[in-house]
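Please open the model in your viewer and keep the selection tool at hand. The tour below moves from one selection to the next and states what is found at each stop.

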Amino acid sequence: MTQSDLASAVNQSQSWISRVESGQVGIDADSAKRLDDVLGTSGTLVAALLKQQEDPSPIVVPGRDTWAFSDLLRKIHKTNVGSETIDQLHVITEQLCCEYVSRSAEDLRFDAHKQLEYVQELLAGPTSLSEHRELLVIAGWLSLLIGCVNYDLGLARDAEAARAAAYQLGKEAGHGEIMAWAFEMSAWFALTQGRLKSIADYSRAGLEAASNASVAIQLIGQAAKAQARMGDKSAVRRELDKGAHLLERHERPLRPENHFVVDPLKWDFYEMDCYRMVGEDERAAEHAHEVIRLSERPDGTDRSPMRASEARLTLATTSLRAGDLDGAVEWAQKAFSADRQSVRSLSLIAEELYQETQAKYRTDPAATALREVIAAFYANVNGRV
């Protein structure tokens, strides 16, 4: 009899029969009697149930190892998941990762949490070994995404908890790329928090975990951004050359909007930041304009508003250095007006712009407007940085 046939005969659902067989639920005396009647087992199940209630048997009985292992293998292949569910989960998870660049952070966080809760439910039930690993991988990507969104929202502790969970899931699944992205997130956190010397260690650890994946390019980019802030131009040049050569070896991703892939546009973004920090304003502005151009949709909106905002702050900085205070104010206003923001990353560059404004124009009333724009941004994100 199939599970469905048996379920119909005893007036139960097929899923109930499946859960009983897999040990997820027990049965009462009435259910055992109905099963005995349908299966023609002459009260055997009722007797076994009563005996178990009086003297629960151990899972493995000495001298019956053959049967114990047979039962183990049988249970391994019982599953409530299936390949179709796994495939659908991968598709939905990738879509959520692609929506990171532009979707409302709160909405994206909510949906990613819902997806993760569903994966957790599946992990609690019977799965095959391969399905179990795939669910761990999916949970790892979702945890990375939730960590990034949390950090964008200024929820640093929640972001670190999600990042640490992603690392553990990657480790359990033997998935080096997820582990490497967890290290990349640590480098990003350290950069925005001013812990520049630790970034090289995170970069090396990530490269050891997945040296051939595209995350390696981003790890090198984070190291370059740290060196730029420490003023080591030669180290910046070495890291940028290394990253560019590695990028050439990778094919352009099918979905470059996925936050967890690296494409040429993202590398322009990293070079832009480094050139701004080492004072190569012409090259920084060139990359910034390219980032904005490639980010802009035909209707004038940004498909990657977080990158575009940082590019506009770069142009605010280069305008300031050129003495164009009006241009600096205009670019800063545009940068801070985006609905989708990475609060920590944008605050880092805003602080750098403010410090440069104070250093060059502390007593100049013409810089008042720029200081006011920066102050308004900080007032808007107060408590999140």
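Which residues does V119 touch, not counting residues up to four places away in sequence? Select V119 together with L89, L135, I138, A139 and L142, for these are the residues that V119 touches; contact here means heavy atoms within 4.5 Å.

Before going further, note that this is a predicted model, in which local features need pLDDT of at least 70, side-chain atom pairs count only at pLDDT 80 or more, and totals for chains, interfaces and linings use all residues. Residues are numbered from 1 along each chain as its sequence is written, and side-chain values use heavy atoms, with hydrogens and water left out.

**Helix α7**

V119 lies in helix α7; helices (H or I, at least four residues) and strands (E, at least two) are DSSP runs, numbered from the N terminus. V119 is buried, at 0% relative accessibility. The term buried means under 20% relative accessible area, exposed means over 50%, and partly exposed lies in between (1.4 Å probe, protein chains only). The C-alpha atoms of V119 and L89 are separated by 8.3 Å, although the two residues are 30 apart along the chain.

Next, select Y118, which is also found in helix α7, residues 105-124. Y118 counts as partly exposed, at 36% relative accessibility. Leaving out residues up to four places away in sequence, Y118 touches T85 and L89.

**The nonpolar cores**

Now select Y100, L144, L145 and F260. These residues have the most contacts inside the largest nonpolar core, which has 70 residues. A nonpolar core is a set of buried Ala, Val, Leu, Ile, Met, Phe, Trp, Tyr and Cys residues joined through side-chain atoms within 4.5 Å. Helix α8 (residues 129-152) gives the most to this core, with 13 residues. A second, separate core of 21 residues includes V329, A332, A335 and Y361. In soluble globular proteins, nonpolar side chains tend to be buried together.

Return to Y100 and display its surroundings. Beyond its neighbours within four places in sequence, Y100 is in contact with L108, L145, C148, V149, D152, W188, H259, M306 and R340.

**The cysteines**

How many disulfides does a search of the whole structure find? The search finds 0 disulfides, a disulfide being a pair of cysteine sulfur atoms within 2.5 Å. Select C97 and C98: the sulfur of C97 has its closest cysteine sulfur in C98, 7.1 Å away, which is too far for a bond. C97 is buried, with a relative accessible area of 3%.

**Helix α16**

Select T314 in helix α16, residues 305-321. Is T314 buried or exposed? At 0% relative accessibility, T314 counts as buried. Apart from neighbours within four places in sequence, its contacts are M272, R276, A284 and A288.

**Helices α17 and α19**

Colour helix α17 (residues 325-336) and helix α19 (residues 368-380), whose axes come within 9 Å and cross at roughly 10°. Axes are lines fitted to C-alpha atoms, for helices over the stretch in contact, and angles run from 0 to 180 degrees between N-to-C directions. The two helices α17 and α19 are therefore roughly parallel to each other; angles under 35 degrees count as roughly parallel, over 145 as roughly antiparallel, 65 to 115 as roughly perpendicular and the rest as oblique. To see the contact, show A328, V329, A332, Q333 and F336 of α17 with A369, L370, V373, I374 and F377 of α19.

Still in helix α17, select D326. D326 is exposed, with 64% relative accessibility. Its C-alpha lies 9.3 Å from that of A316, 10 residues away in sequence.

**Two loop residues**

Most residues other than glycine have a negative phi, and most peptide bonds are trans. Select N11, in the loop between α1 (3-9) and α2 (14-21). N11 has a positive phi of about 60° and is exposed, at 70% relative accessibility. Finish at S42, in the loop between α3 (29-39) and α4 (44-54). Phi of S42 is also positive, near 55°, and S42 is exposed, with a relative accessible area of 75%.
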